[in-house]
Amino acid sequence: MEHHVRVAIVDDHPVVVEGVMSWIRADPGHRIAVTQVVADVTGLDGPHAADVLILDLELGGRMIADEVARLAASGYRIVAFSAHVDPALILDVLDAGAHAYVSKDEGRDHLLEAVLAAAADRPCVTRSQAKAILADPRPGRPALSGKERQALLLWFQGMSKASVARRMSISEHTVRQYIDRARVKYATLGRPAHTKDALLARAIEDGLIQPGEVATYTTFASRPRPALS
Amino acid sequence: MTAQTVPGPRPSALLAARYARALDIAVVVAAAGWQLAGAGPLLLAHLGSYSSDRFQVAAWCAITLIIAAGSVLLLRGSSRRGTGWALAAAAGVISTAAAAACPPAQMLETNWSWGTAGWVGVLVLLRRPLAELGVFLTLEALATFAVLARDGLHQPNVAAFITVLAGSTGIQVAISVAARTLHVPAQQAADAATREAEATARQAVADRIRAGRRARWLELRATAEPLLRGLAAGTTDPGNPAVQRACAVEAARLRRLFAEGDDTPDPLLHELHACADVAQRRGVAVDIETTAQSTGTGLPGSALPAVPPEARRAITDLAIAILVNAISRVRVTVTGTADGVIVSLVSDSPAQPDLPASPAGLVVDSQRDQQSLWVEARWNTT
């Protein structure tokens, strides 16, 4: 990547911010630059000032998951970074337009990867996201193929993608495709958002899905969705 | 796991209900018995002397119906003030009317209904405070006395009234007091019987738990005891890594033994946590994740199917083998599927650990990639 990915961090715990900064500094390619750190969403400069927003979902003891849709609509690419691992919350946040969900346990391994993927409008599936997708109980959930489910399950179990590839006797590239396809199918659920369109467009460009498949997805999205608690 | 042996309904409630029922039946028998064997023959003996025999017979039948209704209510356990008093009032009105329709000079001799109305009061007000029965019996006596006064008061007349009052009302009050007094020892007897039943049930559960623990302890002794003897006698070297691992395995098994006795909603997860404890004390980071693959039923995928103890044993044996060999990290996942459970462990174990033989019903797979070891056990209900 030629230029830095500009990141704004919303988190009210200085220790967490410090940790994220240290991971960013330790990145050998120095691909990410932090442009703003705020403790509350009201202090944000706006989407023109950052490519990706790292968003803590609990600020000042209050859950702000319902802010995700508004922030996504205003043009932010959001990586939710939260101590919560409740699958229903993860699915809600993805539906609202967040690009990826990284639990604080998996931050060290996956946060930078998720930020870079979001900046490029490419899918990123963390293990907590894989868990939420596997357990999705909603009747309107996207249909996943058997291979997609198997790859997600092994990824959730903690295998590296190379190990998953060996286990399934396929290439690592194909493993990534299975897992990313599952994520892209979710871009068609919930309310429409610019970030989801960008993810779908990029997936078609990358050959991850066929343009014809998007039509099917759109039908899915237009179905009434059961209310989640 | 021990099965619950205590039955659903509380024994004290059952026993107390049985004693109370015996008292209820006694009162029903007394009221109905008086109506059939006392009031009935009295009515028959004086047929022809009433101004209207048909009215007296109809009144007798009406009060018989009231007694039947009151008996049904009492035996069904109804204690509502409204219905009880409605029946009592109806009986009071009918009995006063029947008394008023008796031949004026012979009211006390020919009236069958006064005593009967009192018994209705005893029957339908049995579950009410005694004072309510007192009020009813007083009103009933006053009404009858009013009828008597209408015919003209003179001394033999009043003396006869007092005699009848003492005879019938006295017995009715005495029985009501007795029934309420007997309720206290009945409740005590029921409570005592309950305590005994509970103690027996507790003893049975305790016996079974002790037997289960003893069986598991004997099993553990076979492996833990030689190790401890060797360490105590100095024939086993505590510095030997193999001995240290063997100790860790036994420690984990002991923790599992303690965990097996616990009553938890998800014993498999609980036991896995107990096994992980020993590794965590060594500084190994263990995370345990659970999920349930959605079956598309719309139900939240959170409940794991119940895994029988033998299969849990085999799965946790496998987990212990991995956990004691891990260097720094183990990720344990438990995934519920439509027909079973998948338990997987991903760890950084340099050596290939000896995996315990897996029993029937459990499918174990493993794969090693450089430093990382993946082991998966699948248990299916079918």
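1. In chain B, strand 4 (residues 362–369) and strand 5 (residues 372–380) run antiparallel and are joined by eight bridges; two strands are said to pair if DSSP finds at least two bridges between them. Helices (H or I, at least four residues) and strands (E, at least two) are DSSP runs, numbered from the N terminus. This is a predicted model, in which local features need pLDDT of at least 70 and side-chain atom pairs count only at pLDDT 80 or more, while totals for chains, interfaces and linings use all residues. Residues are numbered from 1 along each chain as its sequence is written, and chains are lettered from A and ligands numbered from 1 in the order in which they are written.

2. Strand 4 and strand 5 of chain B form a hairpin with two residues between them, and B:Q370 in the turn has a positive phi of about 45°.

3. On which strand does strand 5 of chain B pair over nine bridges? The partner is strand 3 (residues 340–348) of chain B, again in the antiparallel sense, and here B:G340 stands opposite B:N380 of strand 5.

4. These strands belong to an open sheet of five strands in chain B, with the order 1-2-3-5-4 and mixed pairing. Strand 1 (285–292) and strand 4 of chain B are the edge strands, each of which pairs on one side only.

5. Turning to the meeting of the two chains, 18 residues of chain A are in contact with 20 residues of chain B, where contact means that the C-beta atoms of two residues, placed from the backbone, lie within 7 Å. On the side of chain A that touches chain B, helix 5 (127–134), helix 6 (146–157) and helix 7 (161–168) of chain A each supply at least two residues, and helix 7 of chain A gives the largest share, four residues.

6. How far can chain A be trusted? Its pLDDT (the predictor's confidence in each residue, from 0 to 100) averages 86, and 91% of the residues score at least 70. Within chain A, helix 7 has the highest confidence, at 95, and helix 10 (residues 211–222) the lowest, at a mean of 54. Over residues 218–229 of chain A, pLDDT stays under 50, although the model has 16 contacts beyond four places in sequence for them. Where pLDDT is low, the predicted coordinates should not be read in detail.
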